[in-house]
Amino acid sequence: NGLWACHNHHLDFDHNRLSIRLDGAIVVNPEIGQMAVDCIFESLTTVNLSDILSNPDVGWRISNYLHERHQIALEKGIDIREWIEAPA
């Protein structure tokens, strides 16, 4: 998918605790509880990946992957539009 993440954030992404919107904002699933949400936010080194998504060399691949992933999630009843955005 072209996304680089540490082991913990990769697991959070794979288990639908963490995601990236198409505008680059990092969002967290509120269903994991406020303490876990806060822990993820505190561990982030960035809160927006728009610079990566706008990169002409790799951004389109990542954007396409995220779009497909969001569609699959919606089909499973997971709507990241309702998730909490990382504070700037």
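Which residues of the largest nonpolar core touch the most other members? In this predicted model, the core comprises 15 residues, and those that touch the most other members are Leu3, Ile20, Ile26, Val28, Phe41 and Leu66. Two or more residues are given to this core by each of the strands β1 (18-20) and β2 (26-28) and the helices α2 (34-43) and α4 (59-75), with α2 giving the most, three residues. In soluble globular proteins, nonpolar side chains tend to be buried together.

Phe41, one of the core residues named above, was examined for its contacts beyond the residues up to four places away in sequence, and on that basis Phe41 touches Val28, Ile84, Glu85, Ala86 and Pro87. Of these partners, Val28 is itself among the core residues that touch the most other members.

Rolling a probe the size of a water molecule over the atoms shows where empty space is left. The count comes to one cavity of 30 Å³ or more, and the largest cavity has a volume of about 40 Å³. Its lining is formed by Phe13, Asn16, Leu18, Ser19, Arg69, His70, Ala73, Ile78, Ile80 and Trp83. The elements that give two or more residues to the lining of this cavity are β1 and α4, and the largest share, three residues, comes from α4. By residue class, the lining divides into six nonpolar, three polar and one charged.

How values were computed:
Residues numbered from 1 in each chain as written. Predicted model: local features only at pLDDT ≥ 70, side-chain atom pairs only at ≥ 80, totals over all residues. Heavy atoms only, no water. Core = buried A, V, L, I, M, F, W, Y, C linked by side-chain atoms within 4.5 Å. Buried < 20%, exposed > 50% of the residue type's maximum accessible area, 1.4 Å probe, protein only. Helix = DSSP H or I, 4+ residues; strand = E, 2+ residues; numbered from the N terminus. Contact = heavy atoms within 4.5 Å. 1 Å grid on protein atoms, 1.4 Å probe; cavity = no way out; pocket = protein on both sides within 12 Å on 5 of 7 lines; lining within 4 Å. Points joined across faces, edges and corners; volume = space filled by probe spheres on them. Nonpolar A, V, L, I, M, F, W, Y, C, P; charged D, E, K, R; others polar.
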